[in-house]
Amino acid sequence: MANSLRGEVINLYKNLLHLGKEYPKGADYFRSRLKAAFLKNKDVKDPEKIKELIARGEFVIKELEALYFLRKYRALKQRYYSDDSQ
């Protein structure tokens, strides 16, 4: 694996690990799943395949950020707006 791709993979892992701290099922659950996913693909040598996997990881980062923003938005909405349907 080229050094530049290795650095990208390590940064992706660190970013995902940091985002996993707020995961709804817990940080330990997220960490174990993340480690398993990275270990499953540790033997990939093709640079194009590695780039595809990095792109998938970046997509997961965006999805996690959206999940966290939505959760925070719902909490704020519930806190400041009462349900008028009652």
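**Exercise 1.** Find the handedness with which α1 passes α3 in this predicted model.

*Solution.* Helices here are DSSP runs (H or I, at least four residues), numbered from the N terminus. A crossing is left-handed if the near helix is turned anticlockwise from the far one by less than a right angle, and right-handed if clockwise. α1 passes α3 in a left-handed crossing.

Next, take the angle. Axes are lines fitted to C-alpha atoms over the stretch in contact, and angles run from 0 to 180 degrees between N-to-C directions. α1 and α3 pack at about 20°, with axes 10 Å apart. Angles under 35 degrees count as roughly parallel, over 145 as roughly antiparallel, 65 to 115 as roughly perpendicular and the rest as oblique. So α1 and α3 are roughly parallel to each other.

**Exercise 2.** Describe how α1 and α2 pack.

*Solution.* Helix α1 covers residues 3-19 and helix α2 residues 27-40. Their angle is about 160°, and their axes lie 10 Å apart. That makes α1 roughly antiparallel to α2. Their crossing is right-handed. Now list the contact (heavy atoms within 4.5 Å). α1 gives V9, L12, Y13, L16 and L17; α2 gives F30, R31, L34, K35 and F38.

**Exercise 3.** Find which element has the lowest mean pLDDT.

*Solution.* pLDDT is the predictor's confidence in each residue, from 0 to 100.

**Ground rules.** Residues are numbered from 1 along each chain as its sequence is written. Local features need pLDDT of at least 70, side-chain atom pairs count only at pLDDT 80 or more, totals for chains, interfaces and linings use all residues, and side-chain values use heavy atoms, without hydrogens and water.

Terms used:
Helices (H or I, at least four residues) and strands (E, at least two) are DSSP runs, numbered from the N terminus.
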